[in-house]
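Subject: Predicted model, with notes

Hello,

Here is the structure I promised to pass on. Please open it alongside these notes.

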Amino acid sequence: MLKKQNDIRFIIREMKEEEYPLLEEFLYQAIFIPPSYKEQVPRDIIYRDELYRHINAFGTLPDDICLVAVKDGKVVGAVWSRTVEEYGHIDERTPSLSISVLGTYRSQGIGSALLEEMLSVLKDRGYERVSLSVQKENYAVSMYRKAGFEVIGDGADSSEWLMIRSLDNKSR
């Protein structure tokens with residue numbers, strides 16, 4: 001599906017199985033680093049249990065879904081959902097999602113377009129709601145609020161929010 005946001009043309013499509021290894025980079029890029037934090041975050045942080053569950057053996061669970069944004073033949077963003085015990089987990093009927101756009105492609109509407117498309121896919125597949133965990137300082141909070149997500153409490157600690165969005169059109 002060809003999308004155009006802010007005069008930027010890109011395609012949103014399902015991630016191909018051979019592209020699943022890209023999820024490691026997108027998971028790393030999804031880690032929010034507060035502006036006050038000046039150290040380099042080690043890449044192997046993604047292998048910590050709670051974090052790695054977002055991508056470990058992706059594609060093996062029946063509700064693993066990933067969409068990507070492609071610009072000029074390059075995958076520049078990804079949004080994926082699954083139902084596993086990780087930071088955004090609510091229950092076994094509610095997938096949680098993760099979203100990431102490569103740095104030079106941020107603030108161009110790609111993330112919002114990916115999110116909108118994923119919400120549509122999840123609704124079409126019969127899910128009633130979706131959840132996520134986000135750092136309270138993360139600029140993406142405003143995107144999630146605009147998309148209809150609501151804070152339901154703190155996430156893994158007091159620096160995070162657990163957010164949920166109904167996929168029922170009546171709630172929007």
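First, the ground rules. This is a predicted model: local features need pLDDT of at least 70, side-chain atom pairs count only at pLDDT 80 or more, and totals for chains, interfaces and linings use all residues. Residues are numbered from 1 along each chain as its sequence is written, and side-chain values use heavy atoms, with hydrogens and water left out.

**The core**

The largest nonpolar core holds 49 residues. By nonpolar core I mean a set of buried Ala, Val, Leu, Ile, Met, Phe, Trp, Tyr and Cys residues joined through side-chain atoms within 4.5 Å. Buried is under 20% relative accessible area, exposed is over 50%, and partly exposed lies in between (1.4 Å probe, protein chains only). Trp80, Leu114, Leu115, Tyr144 and Phe149 have the most contacts inside this core.

At least two core residues come from each of β2 (8-14), α1 (22-30), β3 (65-71), β4 (74-82), β5 (96-101), α3 (110-124), β6 (129-135) and α4 (140-146). Helices (H or I, at least four residues) and strands (E, at least two) are DSSP runs, numbered from the N terminus. α3 gives the largest share, eight residues.

Leaving aside neighbours within four places in sequence, Leu115 is in contact (heavy atoms within 4.5 Å) with Leu97, Ile99, Met143, Tyr144, Ala147 and Phe149.

**The helices**

α3 has 15 residues. Its first and last C-alpha atoms are 21 Å apart, close to the 21 Å expected at 1.5 Å a residue. That expected span is 1.5 Å times one less than the number of residues. Its buried residues are Ile110, Gly111, Ala113, Leu114, Leu115, Glu117, Met118, Leu119, Val121 and Leu122. Just after α3, Gly126 has a positive phi of about 95°.

In α1, the buried residues are Leu23, Phe26, Leu27 and Tyr28. Their cover includes α2 (49-52), β3, β4 and β5.

**A buried serine and an exposed one**

Ser81 sits in strand β4. Ser81 is buried, at 0% relative accessibility. What surrounds Ser81? Not counting residues up to four places away in sequence, Ser81 touches Phe58, Asp63, Asp64, Ile65, Pro95, Ser96, Leu97, Met118 and Leu122.

Ser107 is in the loop between β5 and α3. Ser107 is exposed, with a relative accessible area of 76%. Ser107 and Ala140 are 33 residues apart in sequence, and their C-alpha atoms are 9.9 Å apart in space.

**Strand β8**

Strand β8 covers residues 160-166, and five of its seven residues are buried. β8 pairs with β6 in the antiparallel sense over seven bridges. Pairing here needs at least two DSSP bridges between the strands. Within that pair, Ser131 stands opposite Ile164 in β8. β8 also runs antiparallel to β7 (residues 150-154), joined by four bridges. Asp154 has Trp161 of β8 as its bridge partner.

**Salt bridges**

How many salt bridges are there? The structure holds seven. The criterion is a side-chain nitrogen of Lys or Arg within 4 Å of a carboxyl oxygen of Asp or Glu. Three of them follow.

- Glu19 and Arg13 meet at 2.7 Å, N to O. Glu19 is buried at 13% relative accessible area, while Arg13 is partly exposed at 24%.
- Arg125 pairs with Glu14, with the closest N and O atoms 3.6 Å apart. Arg125 lies in the loop between α3 and β6 and Glu14 in strand β2, so this bridge ties together parts that are 111 residues apart in sequence. Arg125 is partly exposed, at 44% relative accessibility.
- Arg129 and Asp91 meet at 2.5 Å, N to O. Arg129 is in strand β6 and Asp91 in the loop between β4 and β5, so the pair ties together parts that are 38 residues apart in sequence. Arg129 is partly exposed at 28% relative accessible area, whereas Asp91 is buried at 17%. Shared partners join Asp91, Arg93 and Arg129 into one salt-bridge network.

Best wishes
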